[in-house]
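Please keep the sequence and the 3D structure in view while reading.

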Amino acid sequence: MDHSLDVLFINPGARSSGYQGTAATLAAVEPPLWIGLLAENARRKGWRVDVIDAEALELSPAQAAQRAAASKPRLVAVVVFGANPSASTQKMPVAGELCRQLQSACSDTRTMLAGLHVSALPQRTMEEEAVDFVCQGEGPFTIHGVLRALTGDGDLGAVAGLWHRRDGRIVFNGPAPLIDDLDVELPAAAWDLLPMDRYRAHNWQCFDHIDRRSPYAVIYTSLGCPFRCEFCCINALFGKSGIRYRGMPGVLAEIDLLVARYGVRIIKIIDELFVLKPQRIEEFCEGLIARNYDLNIWAYARVDTVTPELLRRLRRAGVRWLAYGFESASPAVRDGVRKGFDDATVARAIEWTRQAGIHIIANYIVGLPDDDLQSMRATLDEAKRYHFEFLNLYCAMAYPGSPLYERALAEGWPLPRTWEGYSQLGVETLPLPTRRLSAGQVLQFRDEAFREYFSNPAYLRMMSEKFGPAVEAHLRQMLRHKLVRRYGATQENKAP
């Protein structure tokens, strides 16, 4: 077969199944940044490359496979990655169906699965999915090695990071090295290969202008995280904790490109922890303040890494929202998952952030191993007391690749029977039980707490005064979405 492409990257679409009715208008449609980075890396090495973002284009697995077949690629890489680490596993059912469709539509094409979930469970993925290869790890070196082998310039058995079959057996060639120089290997995403007109920001990021959520882009300035929170799976892609940085000139140049070529003003910094090194953040702020782009940026921070001056500089640079992982109001519950900071640090960071004029997106988790109804109630009360501009309230999940997943397996805790069960807003959602509560009780508390927070008259009044009546109306409309859940509070599945 005469191949028109060397490698086609596909982002499988799973918004409708993972987010129920909220997918149509409330959820963000985010550029698949990791696919963009892999595509640009392969293109710079001389390979013929293209991308299908089936999620943004709302393509079914069969439709995406037909488009792939028309491209005549040598290799199709289906990359299972989400807008955040928790959104990878829930995409596996649609990714698996896409691979099955590719098998029949592209008989002369080899297929690969890559991404965070895949790297966490590579052998299981090879055993369960209709795929030729699994890429464990970041991907650039592995994909390049596979393409060389498929074009007769290498041996599949020598490609680091690759799982494949030899003589009917599944074999692993050993891990690929981590990228030393991000500016050389992953300098920017292949934005020209992505449907940039299809992306939109989270509703809350645009409360200042609720009717303007596009154009929107996602960038990274670092990979990995030096911390070891038990519930987090981000480092499954890298094989260990740690953090590596891009050079700030390259970051600023990519923002220049997004602004000039695509008109982007709304940006997410996807780094697991952006606000960490003061000198680096100062360089970022200095560059954007001088450019005066009037950006709307959001990023992740920790309450113990911010200072008043740093926060003021971030706001001047265009950072309008910071996401803090408060996780729980209970120090004992936080300590149980290695999230150690005291209440005074929390209060101080909130006060400093507000004084700087930055809005807070608060992340809390209910159903952590040491939680009970009293501690979860205290968490909700804390969030209501602080009146955060927006709240993400998650159920604790033992995501594949996280220490909590290994702990759940070792201690025999019940886990979802399907990958859909790892979604936060799906019908099949099944969170972890605690030592005192069933998974259904945790889920019921989460859904009722979410409604209580956003229907609170004091909160709605504050939001109307801060952002205008249109945002209050938007929030009331948001509450009309009723999540359907299979698992109820009566289910008896507490942790042993």
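In this predicted model, the count comes to one cavity of 30 Å³ or more, where a cavity is a set of points on a 1 Å grid over the protein atoms alone at which a 1.4 Å probe fits but cannot get out. Local features need pLDDT of at least 70 and side-chain atom pairs count only at pLDDT 80 or more, while totals for chains, interfaces and linings use all residues. Residues are numbered from 1 along each chain as its sequence is written, and side-chain values use heavy atoms, with hydrogens and water left out.

**Cavity**
- The largest cavity holds about 40 Å³ of space, a volume being the space filled by probe spheres set on the grid points, which are joined across faces, edges and corners.
- Its lining, meaning residues with an atom within 4 Å of a point, includes Leu38, Trp47 and His144.
- Helix 8 (140–150) and helix 2 (33–44) each supply at least two lining residues, helices being DSSP runs (H or I) of at least four residues, numbered from the N terminus.
- The largest share of this lining, four residues, comes from helix 8.

**Cysteines**
- The structure holds zero disulfides, a disulfide being a pair of cysteine sulfur atoms within 2.5 Å.
- Cysteine 106 is in no disulfide, and the nearest cysteine sulfur, that of cysteine 99, is 11 Å away.
- Cysteine 285 is likewise in no disulfide, with the nearest cysteine sulfur, that of cysteine 225, 20 Å away.
- Cysteine 285 is buried (under 20% relative accessible area, with a 1.4 Å probe and protein chains only), its own value being 0%.

Key:
1 Å grid on protein atoms, 1.4 Å probe; cavity = no way out; pocket = protein on both sides within 12 Å on 5 of 7 lines; lining within 4 Å. Buried < 20%, exposed > 50% of the residue type's maximum accessible area, 1.4 Å probe, protein only.
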